[in-house]
Amino acid sequence: MVTEELIGVERRGEVCILTLRRPDKLNALSYAVEEALAEALASEKLCASRAIVIVGEGRAFSAGADVTEFRDATPASILAYYRATGAVYERFAALPQPTVAAIHGWCVGGGLELALAADFRVADESARFKLPEVAIGIIPSSGGTHRLVRLLGTARAKELVLLRERVDAAEAFRIGLVTEVVATGTALERSIELAEGLATLPALALSLAKEAIDAMAESSRDAGLLIERVAYAALAQTPDAQGAVEEFLSGQGSSDGGGAA
Ligand code: COA
C-alpha cells in the first residue's frame, strides 16, 4: 500500500502522527510521496483524529521537492500537477484539526513549505532551514512566497527566498519561523505533547478558530469580524459551550466565591 510505505499513519490516542518515510533521500517530496500524503490526509485514521503531527524519518524533516523530477516538466504539466498531487500542501493547511510539524535536521524547499502549512512548528536544535529554489532557477511555489510573507513579512521573506539565507533553529525562533525550539531529539515528543493538549479542547471551536484566523489573512476587517461573529453564533449553543457555562456556574455556586484567591 502506497500510503504506509512512504507515509506512516499512526494513531496515538486522539493524535495522528504522519511520518515522511524516504530517509535515504532525506524525505525528498517526490510525486509518489505527495500522492501518499494526500491518501494519508483522506484516511480514516487521520480524519477521526483530533490533532495531527507531521515528522520526517531519518536525519532530516525533508530536503524538499525531488529535484530529479522537475527536469522534464512543462508549463502545462506543472499546472496539472498543482491540480493533482501538488494540491496536497493546501489540503494539509486546510485540515480542520490543529497540526504540528516536528522538525529536525534539514527542512528545505518544499519541506519548509510543508512545515509552513502546519499551525505550529516545533524545531529541535539540529534543525536547519533554507529555500534554495532561486539558485536552481525556480521559485518556491507551494506556499514559500505567500505563506512566508504572511508569517514573517516581506523583508524577511526576501532574505530567505532571494538571499537564500540559511537559518538555524535559534534564528528561526527569533524571526518567528518556528513556534518553539527544543533540545535535539525531542521535537517529536514535544509536538505530540502539544497535539495531545490541543486534542482535549472542543474540536468544533478549535477548527473554527483555526479557520477564522487563516481566513483573516485573506479578508477585509469587516469580513473578518463577520466570520468570527458567525462562528461564535454557531458555537454558543453547542454542548461543549453550554456544558462549560454550566460547569462554571455550578463551580461558582459551590466554592467560596469561585474566583482566584
Ligand atoms: N531531491 C532528490 N534527492 C535528494 C534531495 C532532493 N531535494 N535532497 C537530497 N537528496 C538525496 C541526495 O541525492 C542523496 O542521495 P544519494 O545518497 O542517493 O546520493 C541523499 O538524498 C542525501 O543527500 P546529501 O546531499 O548527500 O545530504 P547532505 O547532508 O550532504 O546535504 C542538503 C543535505 C539538504 C543540503 C542537500 O541534500 C541538498 O541541497 N538537497 C537539495 C535541496 C533542494 O534543492 N531541494 C529542492 C528545493 S525545490
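This is a predicted model: local features need pLDDT of at least 70, side-chain atom pairs count only at pLDDT 80 or more; totals for chains, interfaces and linings use all residues.
1. Start with the overall order. Six strands make an open sheet, and they run β1-β2-β3-β4-β6-β9. The pairing is mixed. At the edges sit β1 (7-12) and β9 (180-182), each of which pairs on one side only. On average, neighbouring strands of this sheet are turned by 20° against each other, with direction ignored.

2. **Strand β4 and its partners.** In the sheet order, β4 stands between β3 and β6. On one side, β4 pairs with strand β3 (residues 51-56) in the parallel sense, over 4 bridges. Within that pairing, Ile 52 has Thr 99 of β4 as its bridge partner. Strand β6 (residues 120-124) also pairs with β4 in the parallel sense, again over 4 bridges. There, Ala 123 of β6 stands opposite Ile 103.

3. **Burial of β4.** How many of the residues of strand β4 are buried? The count is 5 of 5 for residues 99-103, so the strand is largely enclosed by the rest of the structure. Both of its faces are covered. Thr 99, Ala 101 and Ile 103 are buried on one side, and Val 100 and Ala 102 are buried on the other.

4. **Helix α2 on the sheet.** Helix α2 covers residues 31-41. It lies across three strands: β1, β2 (15-20) and β3. Relative to β1, helix α2 runs at about 25°.

5. **The α11/α12 pair.** Two packed helices are described by the angle between their axes and the distance between the axes. For helix α11 (residues 203-216) and helix α12 (residues 221-235), the axes come within 9 Å and cross at roughly 175°. The cut-off for roughly antiparallel is over 145 degrees, and α11 and α12 are therefore roughly antiparallel to each other.

6. From α11 come Leu 204, Ala 205, Leu 208, Ala 212, Ala 215 and Met 216. They meet Gly 224, Ile 227, Glu 228, Ala 231 and Leu 235 of α12. By class, the contact residues divide into 9 nonpolar, 1 polar and 1 charged.

7. **Lys 210.** This lysine is found in helix α11. Is Lys 210 buried or exposed? Its relative accessible area is 10%, so Lys 210 counts as buried. Neighbours within four places in sequence aside, Lys 210 is in contact with Ala 93, Leu 95, Pro 96, Gln 97, Pro 98, Thr 99 and Asp 119. Of these, Thr 99 is also a residue of β4, where Thr 99 is the bridge partner of Ile 52.

8. **Cysteines.** A disulfide is a covalent bond between the sulfur atoms of two cysteines. The model has 0 disulfides. Cys 16 is in none, and its nearest cysteine sulfur, that of Cys 47, is 8.9 Å away. Cys 16 is buried, with a relative accessible area of 0%, whereas Cys 47 is partly exposed at 46%.

Terms used:
Residues are numbered from 1 along each chain as its sequence is written. Side-chain values use heavy atoms; hydrogens and water are left out. A disulfide is a pair of cysteine sulfur atoms within 2.5 Å. Buried means under 20% relative accessible area, exposed over 50%, partly exposed in between (1.4 Å probe, protein chains only). Helices (H or I, at least four residues) and strands (E, at least two) are DSSP runs, numbered from the N terminus. Two strands pair if DSSP finds at least two bridges between them. Axes are lines fitted to C-alpha atoms, for helices over the stretch in contact, and angles run from 0 to 180 degrees between N-to-C directions. Contact means heavy atoms within 4.5 Å. Angles under 35 degrees count as roughly parallel, over 145 as roughly antiparallel, 65 to 115 as roughly perpendicular and the rest as oblique. Ala, Val, Leu, Ile, Met, Phe, Trp, Tyr, Cys and Pro count as nonpolar, Asp, Glu, Lys and Arg as charged, and the others, Gly among them, as polar.
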